[in-house]
Amino acid sequence: MNIFLENVKQFLEWSITKVPDIFERIGNFFSYFEITIGLYTFVVRWVFPILAITIFLRCILPLLQGRKRASAWGYLMMMDGSRVPLKHWENSIGRSKVSDIVIALPFVSRNHAVLTFRDRAWYITDLGSKGGVKVNGIKIEAPQIVNYGDTISLAGVKMTLLPADEEESGLLQQDDYTATLIPSGRLFNSSAAFALILLFQFLGVIQVMLAMFPEVNLAVTLTFIVFIFAETLHFHIKHWLSRKYLELELLCYFLCGMSLFIVSSAAPDLLYIQLAAILFGMLVYSVLEFMISDLGRTRKLKYLLASTAIILLVLNLAIGETRYGAKLWINLGFITFQPSEFVKIAFVIVGTAALDKLLTTRNMTAFIAFSGICIGALVLMRDFGTVVVFFGTFIVIAFMRSGDLRTIALISSGALIGAMAVIAFMPYIASRFATWRNIWKYANTTGFQQTRTLIAAASGGLLGVGSGNGFLASIAAADTDLVFGILCEEWGLLIAFIVVLIIVFLAVYAVFLTKNCRSSFYAIAACGAASIFLIQTALNVLGTVDILPLTGITMPFVSRGGSSMIASWGLLAFIKSADDRIRPDKAGD
Amino acid sequence: MKLLLRRAAILLFFSLLVLVGLVIFTWQYVNNSSTWVQHPANRHLYANGKPINLGTIYDRAGRVLLQMIDGSMSFHGDKTVRTAVMHATGDMHNNVETSAQMAFPDRLSGWNIINGIYRLKSRSGSGSNLTLTLDAELCAAAYEELSGRKGTVGIYNYQTGEILCMVSAPSFDPENPPDIDADPEKYEGVYINRLLSAVYTPGSVFKLVTAAAAIENIENIEEKRFYCDGKLQIGGDLVTCMSAHGEISLSQALASSCNVAFGQLSLELGPEKLQRYAELAGFNSSLEVNGIKTAAGRVELADAKDVELAWAGIGQYTNTANPLNFMAYMGAIANDGLLVNPRILRERRVLSFVNASAGENKQIFSPDTAKKLKALIRESTLSIYGEDTMRGLGLCAKSGTAEVGGGKRPHAWFAGFLDSEEFPFAFVVVIENGGFGSRVAAPVALKVLQAAVNSF
C-alpha cells in the first residue's frame with residue numbers, strides 16, 4: 001500500500017515538473033517523446049508481470065488437466081468376460097501393483113510378460129517368468145506375434161487379444177475431458193493465450209525501442225516483426241495440423257521472446273543470428289517430432305545420431321576452438337557451433353528403451369559406454385558445467401531404466417570422488433569453489449559475475465527498471481551466463497521467476513506425461529530432455545545468484561547462442577512426443 | 001507405465017531441489033537486496049565509485065543540509081551549520097556510521113523492493129528527499145556553545161519523539177575536511193556521534209534512577225529524613241560528600257546532590273531493585289532511532305559489594321550511560337512515565353502509525369511515580385536555580401559531575417526537561433572532562449534551551 005502510494009506520489013511529482021516543461025518547449029517533438037518514454041515504462045512495468053503470470057497459468061493448466069488418453073489400442077478379454085483396455089503401446093502384465101495390467105494371482109510372476117505394439121502388430125515377451133507364457137497353447141521362447149483372437153496364457157491364466165473397435169477407440173474416454181475439464185471447450189483457448197504472448201512481445205519491443213531512443217535500431221524492429229510472424233505461422237500450422245495441445249509451444253515462444261529482449265539489450269548486433277537460431281530450432285523441432293512419431297524409424301535414428309555425436313565430439317577435440325578456457329566450438333569458416341549442444345539430443349535418444357527391453361534385461365552397457373564417451377570428451381574440453389548436466393541426466397535415465405537405487409547411489413558416489421579429484425587438481429575449478437558463498441570478498445575477481453548479478457537483481461526489484469535500462473547487459477557474456485540477472489534487473493524478479501518456473505514446469509510435465517504414455521521410449525526421452533533443461537537452468541540461475549558454484553552454462557531457450565537454442569527446440573520434441581492427448585476442439589475429428 | 005511413473009519421481013525430486021534453491025534465493029533477496037543495491041559497483045547509483053544518485057537531506061525548516069549536484073556533494077551554505085550537523089548528515093566519505101547517508105541509503109536512492117531502483121525521472125533530479133527532525137540553526141547554536149570542548153548536546157520533544165538538536169564535538173567542516181591524523185588529540189573520535197554512540201560515567205544524574213526506585217519502594221519517602229555528616233562508613237570503606245549536609249529530606253538531598261543520602265538509599269533498596277530500575281531507565285539496552293542503534297549504558301550490580309552498591313547508586317562504580325538514552329529517560333519522567341522513542345526522520349511512513357503506539361513507546365513506570373519524581377526534581381531545581389531560570393517553563397534538571405579517575409577532570413553532565421505543554425523538551429548535555437556539571441554543563445544547556453524555546 002505504502003509503495004503504491006509512493007508510486008502515485010512519484011507520478012504527481014513528475015506531472016508537476018513536466019507540465020511546465022510541455023508549455024515551455026511546445027512544438028519540440030523530442031520533449032514530448034521523452035515524456036512519453038518515461039510514462040510508457042512507468043505503466044508497462046506493471047502490465048508485464050500481470051501478463052506473464054496470466055500467460056504462465058493459461059499455458060500450464062490445460063497441460064496438467066487433460067487426464068486420460070482418448071484411445072485404447074486393443075483389449076484383453078479375461079476369463080471372466082471382462083475387457084481390459086490396453087492403454088499403451090507397451091503394457092506390462094504381472095502380479096506387481098505397478099504393472100499396467102495387474103493379475104493378482106500367486107502363481108503369476110511379479111513382472112510376468114509385456115505386450116508390445118510395434119510395426120503394426122502385437123508381440124508378447126516373457127520376462128523370465130516361472131509359470132511361462134503360452135500363445136494358443138504353445139509355450140514361447142522368444143518374443144512372439146499375437147494376432148487378434150489368439151489366446152495368451154500366463155501360467156495358466158488365459159486371456160484373448162481383441163482389436164480396438166472403431167466406434168470406441170477414438171471416443172472411449174471422451175467423457176473424461178468434457179465432463180471434468182473443459183465444459184465449453186473455450187475455457188482454455190490456446191489462441192487466447194497466444195494472443196497474450198503476442199501482446200506481451202509487442203509491448204516489450206516498443207519498450208526496447210523507446211529505451212534506445214534517440215538511437216533507432218532497425219535490427220530490433222525487423223527481428224521482432226520476423227519473429228512474431230514466424231511464431232504466428234508456426235502456431236497456426238500446428239493448430240491446423242496437430243491434434244495435440246499447443247501450450248508447450250506457447251511457453252517456448254514466450255521464452256524465445258525473452259531471449260530476443262535480452263539480446264536486444266546486450267548485443268543488438270547479434271539479433272539476426274539469434275532469430276535465425278530460433279527459426280531453425282522450430283524447424284528442427286517439427287522434423288524431429290515427425291521422425292520419432294514412428295518407433296521403427298526412431299531405432300534407426302538412434303544409431304545415426306549416436307555415431308554422429310561421437311564423430312562431432314572427436315572433431316571438437318581435434319579441431320575445436322578454445323574460448324573462455326573451454327574448447328567448445330567448431331569453426332566451419334562461415335559458421336561456428338558448439339557440438340556438445342547437439343550431442344544432448346543424441347544422449348537422450350540413446351538412453352531410451354522400450355518396456356520389454358527394459359524389463360527383460362537390465363543391460364545398459366551401450367548407454368553407459370556412450371555416456372562415458374560423452375562425459376569423458378566434455379572433461380577433456382573442460383566444460384564441467386555440461387559434464388554435470390550430462391551426469392544428472394544420466395542418473396535420471398539410468399534410474400528410469402533400471403529402478404536400481406543402489407547402483408545409482410554407487411555411481412553417484414564414484415562420480416563425487418571423481419569430482420573432488422577434479423576440484424583438487426584443477427585450480428580453475430577450485431577457485432570457483434573458494435568463491436562460492438564468499439562472493440563479496442572476491443567482488444572484483446572471481447565473484448564479479450555473481451555480485452553484479454545480485455546488484456542488478458536488487459536494482460530491478462519485483463517489477464524491473466524496464467528493458468534496455470539495465471547495466472548488467474553491458475557486462476561481457478551476460479546474455480549467455482547472466483540471463484537471470486538481466487531478467488531480474490530489466491523485467492523484475494516476478495518475470496524472472498516465471499521464466500525459471502516454466503522450465504521447472506517442463507520437468508513436472510514430463511513426469512506427469514509418463515503415466516499415460518504410449519511407450520516407455522517416449523516417457524524416458526521426455527524425462528531425459530526435461531532433466532537436461534532443468535539441470536542447465538539450475539546451474540545457470542542458482543550459479544549466478546551464488547546458491548550453487550558458478551558454472552558458465554546457458555539457460556535453455558533464453559540465453560543467447562545458436563547451438564543452444566537449436567538443441568533446446570530439438571529436445572522439446574521429445575517432451576512433446578510423450579503427450580498424445582487430443583485437444584478438445586480436435587476430439588470430434 | 002505405472003512403473004516408469006514411479007521411477008520418474010527422481011525428476012520430481014530434482015525439480016524440488018531447484019525450487020528449494022529458488023526459495024533460498026528469495027529469502028536472501030528479501031533480507032539482503034537493500035544492501036546489495038548500495039554496492040559501489042551498482043551503475044544505477046555510482047559512477048567510478050562515486051554516488052551519482054543521491055537525494056537531498058533537509059532539516060525540519062526545509063534547509064538543505066546535503067545535496068548531490070551533478071555528481072558532487074554539497075552541504076549547507078554556512079560553515080557552522082554544516083559542522084554542527086556533520087554527524088547527522090555524514091561527511092563525503094561515509095566515515096560516520098550513524099549518519100543519515102549510511103542509515104537511510106534506501107530512502108535517499110529511492111529504492112524499495114517492489115520498484116527497485118526505478119523512478120519516474122523528474123527534472124529536479126533523481127533520488128529521494130529526506131527530512132530530518134533537526135533544526136540546523138539550533139544545532140549550530142549548540143555547537144557554538146560547546147566552544148571547542150568535546151561533548152554532546154541533545155534536545156528532543158518527549159511527546160512526539162522528534163530530536164531537535166543533536167550535536168557532537170569534535171566535528172569538522174565536511175566541505176573542507178581537515179587532516180584528521182595531523183591532530184589526533186583534537187579530533188579524538190571525530191567520526192563518532194557522541195549523542196548516539198558514546199557512553200560516559202553518569203555521576204550524579206544517576207541519582208534520578210535511584211530516586212525513582214526509592215519512590216516506588218520505600219514507604220513515606222517524602223517524610224523520610226537522612227543524616228549526612230560528610231561521610232558514610234560502609235565496612236572499612238568510605239563514601240564521601242562535598243560537605244556535611246546535616247538532616248535533610250529526599251528533595252534536599254537531590255538539590256545538594258548528597259552522596260551519603262543516596263548511598264544509604266541504595267543500600268536500603270539493595271542491588272536487585274536498583275538494577276531493575278536502572279534497566280527500566282534504559283540501561284543495559286539500546287534504543288533504535290529510526291533503526292540507528294544507540295550505544296547501551298551499563299549498570300551491573302550482581303557482584304557489587306555494599307560500598308560498590310552505594311557508589312553505583314550515586315552514578316559511579318562501573319556505571320555508564322549513553323546520553324541519548326538518558327535524555328529519553330528524562331523525557332519519560334516528564335511524559336507521565338511514557339518513554340516516546342526518539343526519532344530523526346520527520347515524515348512518518350504511512351504504515352508506521354500502526355506500530356508507533358505499540359512498538360516504539362514504552363511505559364516505564366506509573367504516571368503517579370512520574371508525577372512524584374517530577375515534583376521532587378522541580379523542587380530541587382527551584383531551590384538551586386530559582387524561579388527566574390527559564391521562567392514559566394518548569395525547568396526540571398539535575399547536574400552531574402562524573403569522576404573518571406586517571407587524574408582527569410570529571411565529565412560534566414546536565415540533563416532534564418521542561419515541564420511545559422508548549423515546549424515539551426527533554427535535554428542532555430555532556431562535556432568531557434569539563435569539570436562541575438552545574439557550573440560547566442548547565443549554562444550550555446540553558447542557553448541552547450532558550451534558543452530552542454525562542455525558535456519554536
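**A colleague's note on chains A and B**

1. Let's start with one residue: Phe4(A) sits in helix H1 of chain A. Please keep in mind throughout that the model is predicted.

2. Phe4(A) also belongs to a nonpolar patch on the surface, together with Leu5(A), Val8(A), Phe11(A), Leu12(A), Ile16(A) and Leu39(A). The accessible area of these residues together comes to about 610 Å². Which element gives the most to this patch? That is helix H1 of chain A, residues 2–24, with 6 residues.

3. Next, the place where the chains meet. Chain A brings 86 residues to the contact, and chain B brings 46 residues. Interface size is often expressed as the accessible area lost when the parts come together. Between chain A and chain B, about 5600 Å² is buried, and carbon and sulfur atoms give 71% of that area. As for salt bridges between chain A and chain B, the count is 0.

4. Now the cysteines. How many disulfides does a search of the whole structure find? Over all chains, the answer is 0. Cys165(B), for one, is in no disulfide: the nearest cysteine sulfur belongs to Cys139(B) and is 4.5 Å away, whereas a disulfide needs the two sulfur atoms within 2.5 Å. Cys258(B) is in no disulfide either, with the sulfur of Cys241(B) as its nearest cysteine sulfur, 3.6 Å away.

5. Are these two cysteines of chain B buried or exposed? Cys165(B) counts as buried because its relative accessibility is 0%. Cys258(B) is likewise buried, because its relative accessibility is 0%.

How values were computed:
Residues are numbered from 1 along each chain as its sequence is written. Chains are lettered from A and ligands numbered from 1 in the order in which they are written. This is a predicted model: local features need pLDDT of at least 70, side-chain atom pairs count only at pLDDT 80 or more; totals for chains, interfaces and linings use all residues. Side-chain values use heavy atoms; hydrogens and water are left out. Patches are made of residues with over 30% relative accessible area and no salt bridge: like charges are joined within 9 Å, nonpolar side chains (Val, Leu, Ile, Met, Phe, Trp, Tyr) within 5 Å. Accessible areas come from the Shrake-Rupley method with a 1.4 Å probe; for residues, only the protein chains shown count as cover. A salt bridge is a side-chain nitrogen of Lys or Arg within 4 Å of a carboxyl oxygen of Asp or Glu. Helices (H or I, at least four residues) and strands (E, at least two) are DSSP runs, numbered from the N terminus. Buried means under 20% relative accessible area, exposed over 50%, partly exposed in between (1.4 Å probe, protein chains only). Contact means heavy atoms within 4.5 Å. Buried area is the accessible area (1.4 Å probe) that two parts lose on being put together, summed over both.
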